[in-house]
Amino acid sequence: PDGAKRFALTLQSGGRAELIPGKVTEGAWGINGAYLGPTVRAHRGDKVRMAVTNRLAETSTLHWHGMRLPARMDGGPHQMIDPGATWIAEWTIDQPAMTSWFHPHLHEETAMHVYRGLAGLFLIDDPDGPPLPSEYGVDDIPLIVQDKNFDRDGTIDTSGVESGTFGLLGDTILINGTYDPFHEVTTRLVRFRLLNASNTRVYRIGFADNRTFDVIGTDAGPLERPAPVDRVKISPGERIEVVVRFTAGETVVMNSLGEDSRSANDIEEDDFTLLKIVAGSRLDDSDPLPATLGGTPVPAVPAGATVRRFELSGSEINNKDMDMTRIDEVVSAGAVEIWEIDNTTYAHNFHIHEVVFRILEINGTPPPAYQAGPKDTVFLPKEATARLLVRFGAFVDPLTPYMYHCHLLRHEDKGMMGQFVVV
Ligand code: C2O
Ligand code: CU
Ligand code: CU
């Protein structure tokens with residue numbers, strides 16, 4: 001009656017998943033199903049009403065990663081949903097077209113809930129955007145990339161999720177929950193929406209034939225113009241939209257090639273096959289990729305912008321562990337600030353709720369063109385520094401904090417997280 005677009009999402013366990021063909025997967029959880037969740041889709045300008053029901057035996061939450069919304073609707077560790085309860089989140093979507101996602105975000109236990117399969121895509125469409133491949137499942141394909149370990153009988157192996165420096169690194173890749181995936185394309189241009197929904201692993205994605213493709217969007221919206229690449233690096237929580245050209249009849253392998261072990265941590269090192277793609281013997285024509293995508297250049301840094309520094313060391317931020325009762329930073333509504341992230345140790349990344357930021361510099365130099373778009377998560381290789389231009393939203397709430405944290409979920413759970421309020 002109020003014109004809101006309604007969605008019902010149920011967190012559940014005990015569904016019959018078969019993640020490894022022919023084997024019943026014990027231990028998988030899902031949203032409205034046995035593993036992962038449905039793709040939620042809304043337009044810019046829509047009012048959405050999400051009813052999240054928890055049918056797990058334990059408390060959880062559901063966080064809208066990348067969404068700009070009031071802190072009470074954010075689904076972080078302060079919006080717990082008890083077993084059997086339903087939590088309602090409502091807001092109006094007012095941000096550009098993007099590929100976003102949702103996942104639990106409970107204090108100290110996010111890694112296990114996400115690893116078991118609680119995650120799904122949230123796509124925002126902008127009717128005023130440029131013409132891009134957009135037929136879902138045909139020339140607009142989401143790819144949720146996750147690494148897992150399985151026992152011999154197909155049960156999800158959760159050992160390691162909450163141990164070691166980085167938590168779990170899996171030896172088996174699932175794409176959209178599918179083992180050894182295959183996709184047939186029927187058009188000359190295909191858009192892939194990549195989401196790294198792994199707990200820890202960083203991928204360097206491209207193709208076995210090293211073909212060039214175009215990045216069209218980063219976490220939180222479109223680039224200004226297509227950025228040609230042959231590899232893109234994507235760390236947990238990040239999204240990258242790409243457009244790839246195909247020729248009739250060809251077979252193409254999308255893969256991930258690790259970084260050299262001398263320069264990288266073990267979360268960046270391994271090689272994987274991600275997806276086998278076969279192009280049909282006749283391909284439908286696609287509109288050419290537009291020269292401009294609707295994104296804007298990185299804005300100038302405002303004179304006198306507040307600068308905040310965050311030192312990442314071990315699993316602490318500024319030598320502090322997460323404390324649910326401590327507000328670490330107080331920010332003015334609508335502020336544009338510089339956040340400097342200084343990683344003094346092994347690899348991390350850094351995600352800020354509600355905001356959109358631009359990477360000004362990584363290790364003192366501007367990022368590659370494909371990372372110059374709107375972002376909410378940035379990867380910090382070991383001992384790297386990042387300078388971010390952060391634009392805060394207008395949702396004032398001095399009592400309810402938003403989070404910033406490392407999105408390697410083992411680190412997040414260990415306390416590598418802080419809280420800010422917008423006043
Ligand atoms: Cu993807 Cu604080 O989360
Ligand atoms: Cu988030
Ligand atoms: Cu980390």
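In which loop is Asn363 found? Select Asn363 and you will see that it sits in the loop between β26 and β27, where strands (E, at least two residues) and helices (H or I, at least four) are DSSP runs numbered from the N terminus. The model on your screen is predicted, and local features need pLDDT of at least 70, side-chain atom pairs count only at pLDDT 80 or more, while totals for chains, interfaces and linings use all residues. Residues are numbered from 1 along each chain as its sequence is written, and chains are lettered from A and ligands numbered from 1 in the order in which they are written.

**Two asparagines with positive phi**

Stay with Asn363 for a moment: its phi is near 50 degrees, a positive value in a residue other than glycine. Asn363 is exposed because 12 other C-beta atoms lie within 10 Å; by this count a residue is buried with 20 or more other C-beta atoms within 10 Å of its own, exposed with 12 or fewer, and partly exposed in between, the C-beta atoms being placed from the backbone. Next select Asn319, in the loop between β22 and β23 (329–331), whose phi is near 60 degrees and is likewise a positive value in a residue other than glycine. Asn319 has 8 C-beta neighbours inside 10 Å and therefore counts as exposed.

**The whole protein**

The secondary structure comes to two helices and 30 strands. The radius of gyration, taken over C-alpha atoms, is compared with a globule rule of 2.2 Å times the number of residues to the power 0.38; for 423 residues a compact globule would have a value near 22 Å, and the 20 Å of the protein agrees with this. Of the 423 residues, 48% count as buried. Among contacts with a separation of 6 or more, 77% are between residues 24 or more positions apart, a contact being two residues whose C-beta atoms, placed from the backbone, lie within 7 Å.

**Domains 2 and 3**

Colour the chain by the domain assignment, which gives domain 1 (5–125), domain 2 (140–284) and domain 3 (307–422); such bounds come from an automatic or database domain assignment. The centres of domain 2 and domain 3, taken over C-alpha atoms, are separated by 25 Å, and 27 residues of domain 2 are in contact with 22 residues of domain 3. On the side of domain 2 that touches domain 3, the elements giving two or more residues are β15 (213–218), β16 (221–229) and β17 (231–234), and the largest share, five residues, comes from β16.

**A five-strand sheet and a strand pair**

Within domain 3 (307–422), display the open sheet of five strands, which has the order β22-β21-β24-β28-β26 with mixed pairing; two strands pair if DSSP finds at least two bridges between them. Its edge strands are β22 (316–317) and β26 (356–362), each of which pairs on one side only. Strand β21 (residues 307–313) and β22 pair in the antiparallel sense over two bridges, and Ser313 stands opposite Glu316 in β22.

Which residues have the most contacts inside the largest nonpolar core? They are Val145, Leu194, Val242 and Leu388, in a core of 115 residues, where a nonpolar core is a set of buried Ala, Val, Leu, Ile, Met, Phe, Trp, Tyr and Cys residues joined through C-beta atoms within 7 Å. Select Leu194, which, not counting residues up to four places away in sequence, touches Leu143, Val145, Ile205, Ile234, Arg239, Ile240 and Val242.

Go then to Arg68, in the loop between β5 (63–65) and β6 (86–92), which counts as buried because it has 22 C-beta neighbours inside 10 Å. Leaving aside neighbours within four places in sequence, Arg68 is in contact with Asp94, Gln95, Glu354 and Gly393.

End at Asn255 in strand β19 (residues 251–256), which is partly exposed, with 19 other C-beta atoms within 10 Å. The C-alpha atoms of Asn255 and Gly206, 49 residues apart along the chain, are separated by 5.7 Å.
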